[in-house]
Amino acid sequence: MISSSDRDPVDRPFLLRTDFPGGSLRSRAVSRTLRCTVKPIIALVMRMPDRRWPFHLVDWLGRPLTSARGVTRAAVALPNCAAILTKPVEIRDERYIVYLHGGAFLVGGNHLHRQLTARIAADFGAEVLAVTYRKMPAHSVAVSIADSIEGYRYALDQGARPENITIMGDSAGGYLALMTAIELRRQGLPQPAAVVAMSPLTDWDLPPRPTSACAVFPREMRSAFRDFAVNAGQGTVPESPARCDLTGLPPVLIQASTTETVCPDAELMAERLADHGVSCELQLWADEVHVFQAAASVTPEAASAVAEIGRFLDRTVGAKAIDRTA
């Protein structure tokens, strides 16, 4: 593990970058499986975006996934979408996580991410509100952001204190986690204690990587996905968090793999946060798949990443809880 405060610690004192090794036998097996199954399907969808793909059915593939023991789930009705509240046996320091799932703003919701959210609830001792935000192609990315805000408002209405709340998300949900924090500041709402973004998209206009090392997304994914989002937004390009004013955001943890398509997004966002005086920890694992944290029960790298998230919460949410009771 190599740790540094970026290439120039004098210019970016708010940024701590840590590089982790990857590429274990198990993670390579996961990569090969996704490269042969998921990647060709995504490439097909991107080549024929106008077809009526049954995106809503993809979420049902997560039904067979097992869950952490001892957690309970309850359905929650938000103003314009649903959510699932997962509770562990023991809640530490009144922790509360608003979780925004990935799925390219197209798929996911109740089933695909329930194993990950259950593990997060059990490992971190937190209530986890997983927001099933409205998605493309029926709704724009701006609508997904609005639903994410409503999830945070629900947490506040239920008595959760901002200093105990973490906004967390993966992939598209990582984008939403960052945009939610930005929009909270714009609306004058209190900031959460922390933001955790796993493999986030942060700039819609970043050029694609020159190689196709990503095991999940083909090289042409970025431009095709941008067009998809613009069409859903009736010609409007969604906001890029890396291009927003980030002043006043809480501490942010960004995790990604060096070989995935959105690694440049993660690096750019970390630099932009530091430029705005926001404390950011950037953690990069070598040769892992997109959102590899979801395989925490399979690969050592994923388990390590989830443990790092827990340590980050201890330094942010837990530290503030201790300060309040001192």
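Of the 326 residues in the protein chain, 54% are buried, where buried means under 20% relative accessible area, exposed over 50% and partly exposed in between, with a 1.4 Å probe and protein chains only. The accessible surface of the chain comes to about 14000 Å², and carbon and sulfur atoms account for 55% of that surface; accessible areas come from the Shrake-Rupley method with a 1.4 Å probe, and for residues only the protein chains shown count as cover.

The model is predicted: local features need pLDDT of at least 70, side-chain atom pairs count only at pLDDT 80 or more, and totals for chains, interfaces and linings use all residues. Residues are numbered from 1 along each chain as its sequence is written, and side-chain values use heavy atoms, with hydrogens and water left out. The average pLDDT of the protein chain is 83, and 79% of the residues score at least 70; pLDDT is the predictor's confidence in each residue, from 0 to 100. Residues 56-64 have pLDDT below 50, and this stretch has 15 contacts in the model beyond near neighbours in sequence, a contact being heavy atoms within 4.5 Å. Residues 321-326 also have pLDDT below 50, with six contacts beyond near neighbours in sequence. Where pLDDT is low, the predicted coordinates should not be read in detail.

Turning to the fold, the protein chain holds nine helices and 10 strands. Helices (H or I, at least four residues) and strands (E, at least two) are DSSP runs, numbered from the N terminus. Among contacts between residues at least 6 apart in sequence, 78% join residues at least 24 apart.

Strand β10 runs parallel to β2, with six bridges joining them; two strands pair if DSSP finds at least two bridges between them. Within this pairing, R17 has L282 as its bridge partner. Strand β9 (residues 252-257) is also parallel to β10 and is joined to β10 by six bridges, with S257 opposite W285. Back in strand β2 (residues 15-20), L15 is buried at a relative accessible area of 2%. The C-alpha atom of L15 is 8.0 Å from that of L273, although the two residues are 258 apart along the chain.

Strands β3 (residues 72-77) and β4 (residues 82-87) are joined by six bridges in the antiparallel sense, and a hairpin of four residues connects β3 to β4. T72 has K87 in β4 as its bridge partner. Strand β4 also pairs with β6 (residues 127-132), again antiparallel, over five bridges, and here A82 stands opposite T132.

Seven aromatic pairs are found in the whole structure; rings of Phe, Tyr and Trp (its six-membered ring) pair if their centres lie within 6.5 Å, with planes under 30 degrees apart counted as stacked, over 60 as edge-to-face and the rest as tilted. One of these pairs is F105 with Y175, edge-to-face at 5.5 Å centre to centre and 90° between the planes. Because F105 lies in the loop between β5 (96-100) and α4 (114-124) and Y175 in helix α6 (residues 172-186), the pair ties together parts that are 70 residues apart in sequence. The relative accessible area is 1% for F105 and 0% for Y175, both buried. F105 is also stacked with F225, since their ring centres are 6.0 Å apart and their planes lie at 15°. F225 belongs to helix α7 (residues 221-232), so this pair ties the loop between β5 and α4 to a part 120 residues away in sequence. F225 is buried, as is F105. Together, F105, Y175, W204 and F225 form one aromatic cluster.

A few local features complete the picture. The charged end of K135 sits over the ring of Y133, 5.0 Å from its centre; this assignment requires NZ of Lys or CZ of Arg within 6 Å of the ring centre and within 35 degrees of the ring normal. M136 and P137 are joined by a cis peptide bond with omega about 0°, and P137 lies in the loop between β6 and α5 (141-157). Positive phi in a residue other than glycine occurs at D93, near 55°, and at S199, near 50°. D93 is in the loop between β4 and β5 and is partly exposed, with a relative accessible area of 35%. S199, in the loop between β8 (194-198) and α7, is buried at 0% relative accessibility.
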